[in-house]
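Let us walk through this structure one step at a time. Keep the sequence beside you as you read.

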Amino acid sequence: GSIIDANSFGAGDKIQVTNNRTINLFPSWTPDGRSILCTSYKDGNPSLYLFDLFAGKDAKFLSRGGLSLGGKWSRDGRFAAVSLEKDGNTDIYLLDRTGKTVRRVTDGASIAVSPTWSPDGNQLAFVSNRSGSPQIYVLELASGKTRRLTFSGSYNTSPDWSPRGDRIAYTGRAAGRFNIFAIDAKGGDPQLLTSNGGDNEDASWSPDGRFILFTSNRRGRYQLYIMQANGENQQRL
């Protein structure tokens, strides 16, 4: 369960959200800022849970079976795009606010994980190995059309769509190390944002699009860092 009093938040505070003595992964805020969607192993298998920060309670979010590998809410709060493994296939599904499946949006033998919404809610970027290695793809929800976004690098993952809608940040492997890249949402050449040693991963945009939060082990243990959207002024938090 949760051991948090959300009303006690203060600037610079670090507050523990989960305390269930197991693995909790892939946290994602709900648009109203009241809850966190997360994958937890508290029942033995990776499943989606919704942690209500103000009520101090958590509840299993999925109404049907399937192993959950994380998810993200649309900006309007209508749908959660989640990656589910069912019957040996890993695809992306849209769930409503109650956790019921609305639609499966990918279908195939390849994996489809790490969905991230465009700000207007019309597109999803995600990771698939359909080309042989993990790459970033973009799905147009209305038409179902999918296009490949990244072509450089043999391992690209963990996309996060900028709030302005113009760029997608992601983790890419180059010269044996993981670094943060950003690419125009329409395609093109990616921009390397981190190159300070170690592995730099899991980019997340600030709500105003000015900064990117990420993890790095450049000083040994993994820590949280922040930088400007162009890669400048990287600081450990």
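Two strands count as paired if DSSP finds at least two bridges between them. Keep in mind that this is a predicted model. Now take strand S13 (residues 156-161) and strand S14 (residues 167-174). They pair in the antiparallel sense over four bridges. Within this pair, Trp161 stands opposite Ile168 in S14. The two strands make a hairpin, with five residues between them. Gly165 in this hairpin takes a positive phi near 85°.

Is strand S13 mostly covered or mostly open? S13 is mostly covered, since five of its six residues are buried.

Phe181 lies in strand S15 (residues 177-184). Set aside the neighbours of Phe181 within four places in sequence. Phe181 is then in contact with several residues, including Ile168, Ala169, Tyr170, Gly172 and Ala174. Pro190, Gln191, Leu192 and Leu193 are also among the contacts of Phe181. The relative accessible area of Phe181 is 13%, so this residue counts as buried; the cut-off for buried is under 20%.

Next comes a second hairpin. Strand S17 (residues 200-205) and strand S18 (residues 211-216) run antiparallel, joined by four bridges. Glu201 has Thr215 in S18 as its bridge partner. Five residues lie between S17 and S18. In the turn, Gly209 has a positive phi of about 75°.

Now go back towards the start of the chain. Here four strands form an open sheet. In what order do they come? The order is S1-S2-S3-S4, and the pairing is antiparallel. Strand S1 (24-29) and strand S4 (57-60) are the edge strands, and each pairs on one side only. On average, neighbouring strands of this sheet are turned by 25° against each other, direction ignored. What holds such strands together? Strands of a sheet pair through backbone hydrogen bonds, either parallel or antiparallel.

Look inside the sheet. Strand S2 (residues 35-40) pairs with strand S3 (residues 47-52) in the antiparallel sense, over six bridges. How far apart are Phe181 and Ser35 in space? From C-alpha to C-alpha they are 29 Å apart, and 146 residues separate them in sequence.

Phe26 lies in strand S1. Its relative accessibility is 44%, so Phe26 counts as partly exposed.

Terms used. Residues are numbered from 1 along each chain as its sequence is written. This is a predicted model: local features need pLDDT of at least 70, side-chain atom pairs count only at pLDDT 80 or more; totals for chains, interfaces and linings use all residues. Side-chain values use heavy atoms; hydrogens and water are left out. Axes are lines fitted to C-alpha atoms, for helices over the stretch in contact, and angles run from 0 to 180 degrees between N-to-C directions. Buried means under 20% relative accessible area, exposed over 50%, partly exposed in between (1.4 Å probe, protein chains only). Contact means heavy atoms within 4.5 Å.
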